[in-house]
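Subject: Structure handover

Hello,

Here is the structure I said I would pass on. Please open it next to this email and follow along.

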Amino acid sequence: MHEFSLMESVLRIAKEAAESNNLSRLNSITLVVGKLSGVNIEALRFAFEALKTEEPLIKEATLEIEEKEGEGKCPQCGKIVPVWHYDLLCRDCNMPLQVAGGDEFYVKSITGERDG
Ligand SMILES: [Zn+2]
């Protein structure tokens, strides 16, 4: 499952961030997920709940997800319009739109606490 391996990478990033900042536990992990990224958010949450139980640092953390709308840009007229899937055409020029946003997937922030 795609989302499991994605979440494994996220947890690895989170653990490295926790270690380099001397955090003893994480409170939250915030991800930015574009609607064109092909990532299934339900599956992602499921993977998080399943994987975090094995990680003492992350066990208590919550997962925050910010969804980004898809954006397509017309190569002809430069107009940017909201899109919800690939392969859409510009309404004015009939040109295939290029993805201008909404295909991102990244860790935006991690919060945690130090002991004492
Ligand atoms: Zn156009």
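The structure holds 1 aromatic pair. Its members are Phe 4 and Phe 46, with ring centres 6.3 Å apart and ring planes at 75 degrees, so the pair counts as edge-to-face. Planes over 60 degrees apart get that label. Because Phe 4 belongs to helix 1 and Phe 46 to helix 2, the pair ties together parts that are 42 residues apart in sequence. Please keep in mind that this is a predicted model.

Two packed helices are described by the angle between their axes and the distance between the axes. Helix 1 covers residues 2–20, and its axis comes within 9 Å of the axis of helix 2. The two axes cross at roughly 55 degrees, and helix 1 and helix 2 are therefore oblique to each other. An angle counts as roughly parallel under 35 degrees and as roughly perpendicular from 65 to 115. The crossing of helix 1 and helix 2 is right-handed.

Which residues make the contact? From helix 1 they are Glu 3, Phe 4, Leu 6, Met 7, Glu 8 and Leu 11. From helix 2 they are Ala 43, Leu 44, Phe 46, Ala 47, Phe 48, Ala 50, Leu 51 and Lys 52. Sorted by class, this contact of helix 1 with helix 2 has 11 nonpolar residues, 3 charged ones and no polar ones.

Strands of a sheet pair through backbone hydrogen bonds, either parallel or antiparallel. Strand 1 (residues 25–34) pairs with strand 2 in the parallel sense over 7 bridges. To find one of these partners, look at Ser 28, whose bridge partner in strand 2 is Thr 62.

Another open sheet has 3 strands in the order 4-3-5, and its pairing is antiparallel. Strand 4 (80–83) and strand 5 (98–101) are the edge strands, each pairing on one side only. The twist averages 45 degrees from one strand to the next. Strand 3 (residues 70–73) and strand 5 run antiparallel and are joined by 3 bridges. Here Glu 71 stands opposite Gly 101 in strand 5.

Regards

Notes
Residues numbered from 1 in each chain as written. Predicted model: local features only at pLDDT ≥ 70, side-chain atom pairs only at ≥ 80, totals over all residues. Heavy atoms only, no water. Pairing = 2+ DSSP bridges. Helix = DSSP H or I, 4+ residues; strand = E, 2+ residues; numbered from the N terminus. Axes fitted to C-alpha atoms, helices over the stretch in contact; angles between N-to-C directions. Parallel < 35°, antiparallel > 145°, perpendicular 65-115°, else oblique. Left-handed = near helix turned anticlockwise from the far one by under 90°. Contact = heavy atoms within 4.5 Å. Nonpolar A, V, L, I, M, F, W, Y, C, P; charged D, E, K, R; others polar. Phe/Tyr/Trp six-rings, centres within 6.5 Å; stacked < 30°, edge-to-face > 60°.
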